[in-house]
Amino acid sequence: MTFRNPNHPPKGSRIAVEPIRDDKAINAIKRLLHNRPRDLLLFTLGINNGLRASDLLQLTVEDVACLKVGETVPMVEGKTGKRNFLMMNKASHKAMRRYLEQEQPDHGEYLFCSRKGVNKALTVSTVNHMVKDWCAAINLPGNYGSHTLRKTFGYMQRTKYGDHCVKPSPDILSFSDDFFGVVGSWAGLRWVFSSFYLAAHPAPRCL
């Protein structure tokens, strides 16, 4: 007789993951990852940009190593083919500098290298397990995964600044035309802001 987990979703259905809704939980995970600079950078970049994990994992050290606070990296979303960008805010920049100074990765390496193999990026599946482990370690109830990072950015933006803020806040870091399906004036503002940065801030390269 085969045992079936009664909590397992029906075949073909999707398991929704949640954002992290509490600043205290975010800070608890940052403390948990204090001695893991790669993981701390992944978490910090993830919750400060509305990018999918699959796009973050394609970043190389060269893409970000010489970025200053407020500078951007133009990107093309792997899933949609649309233009987007990553912007470096203060928290992300601090985590990045610490990671680069402690780990000293080669510029040609993936930013988030797996411990297995040579210059192999982490997989989305691995990040999914990592996020679940982080949230479990701080006893955070709910269902979490790699998409939690992107959802946390959207949740914090909406709850702190709302859908109709007059101007982009310093924490609005990246957008695409279909970001979370938000429409109306906020979508227009997002398009204007992202278009401005994509045109005015080409990706800086280290010499």
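Buried here means under 20% relative accessible area, exposed means over 50%, and partly exposed is in between, using a 1.4 Å probe and protein chains only.

Before going on, a word about the model. It is predicted, so local features need pLDDT of at least 70 and side-chain atom pairs count only at pLDDT 80 or more, while totals for chains, interfaces and linings use all residues. Residues are numbered from 1 along each chain as its sequence is written, and side-chain values use heavy atoms, with hydrogens and water left out.

Where does Leu67 sit? Leu67 is in the loop between helix H4 (61-64) and S1. In space, its C-alpha is 8.9 Å from the C-alpha of Met87, although 20 residues separate Leu67 and Met87 in sequence.

Now the overall plan. The protein chain has 8 helices and 2 strands, and along the sequence they run α-α-α-α-β-β-α-α-α-α. Helices (H or I, at least four residues) and strands (E, at least two) are DSSP runs, numbered from the N terminus. Of the 207 residues in the protein chain, 44% are buried. If you take contacts between residues at least 6 apart in sequence, 65% join residues at least 24 apart. A contact, by the way, means heavy atoms within 4.5 Å.

Let's look at the two strands. Strand S1 (residues 72-76) pairs with S2 in the antiparallel sense, over 5 bridges. Two strands count as paired if DSSP finds at least two bridges between them. S1 and S2 form a hairpin with 6 residues between them, and Gly81 in the turn has a positive phi of about 75°. As for S2, 4 of its 5 residues are buried, leaving the strand mostly covered.

Next comes the helix I'd like you to remember, H2. How many of the residues of helix H2 (residues 37-47) are buried? The count is 11 of the 11, so H2 is largely enclosed by the rest of the structure. Among them are Pro37, Arg38, Asp39 and Phe43. And what do these buried residues pack against? Their partners are helix H1 (23-32), helix H3 (53-56), strand S2 (83-87), helix H5 (90-103), helix H6 (124-137) and helix H7 (147-161).

Let's zoom in on H7. H2 and H7 pack at an angle of about 45°, with their axes 7 Å apart. That makes H2 oblique to H7. The axes are lines fitted to C-alpha atoms, for helices over the stretch in contact, and angles run from 0 to 180 degrees between N-to-C directions. Angles under 35 degrees count as roughly parallel, over 145 as roughly antiparallel, 65 to 115 as roughly perpendicular, and the rest as oblique. On the H2 side, Leu42, Phe43, Gly46 and Ile47 meet Leu149, Arg150, Thr152 and Phe153 in H7. The residues of this contact divide into 5 nonpolar, 2 polar and 1 charged. In that sorting, Ala, Val, Leu, Ile, Met, Phe, Trp, Tyr, Cys and Pro are nonpolar, Asp, Glu, Lys and Arg are charged, and the others, Gly among them, are polar.

In the loop between H6 and H7 you'll find Ser146. Ser146 is buried, with a relative accessible area of 12%. Leaving out residues up to four places away in sequence, Ser146 touches Ala53, Val124, Val127, Asn128 and Val131.

Now a look at the backbone. Most residues other than glycine have a negative phi. Gln104 has a positive phi, near 45°, and is not a glycine. Asn119, also not a glycine, has a positive phi of about 50°. Gln104 lies in the loop between H5 and H6, and Asn119 is found in the loop between H5 and H6 too. Are they buried or exposed? Gln104 counts as exposed at 61% relative accessibility, whereas Asn119 is partly exposed at 34%.

Last stop, the cysteines. Cys113 counts as buried at 12% relative accessibility, and Cys135 is buried at 2%. How many disulfides are there? With a disulfide taken as a pair of cysteine sulfur atoms within 2.5 Å, the count comes to 0.
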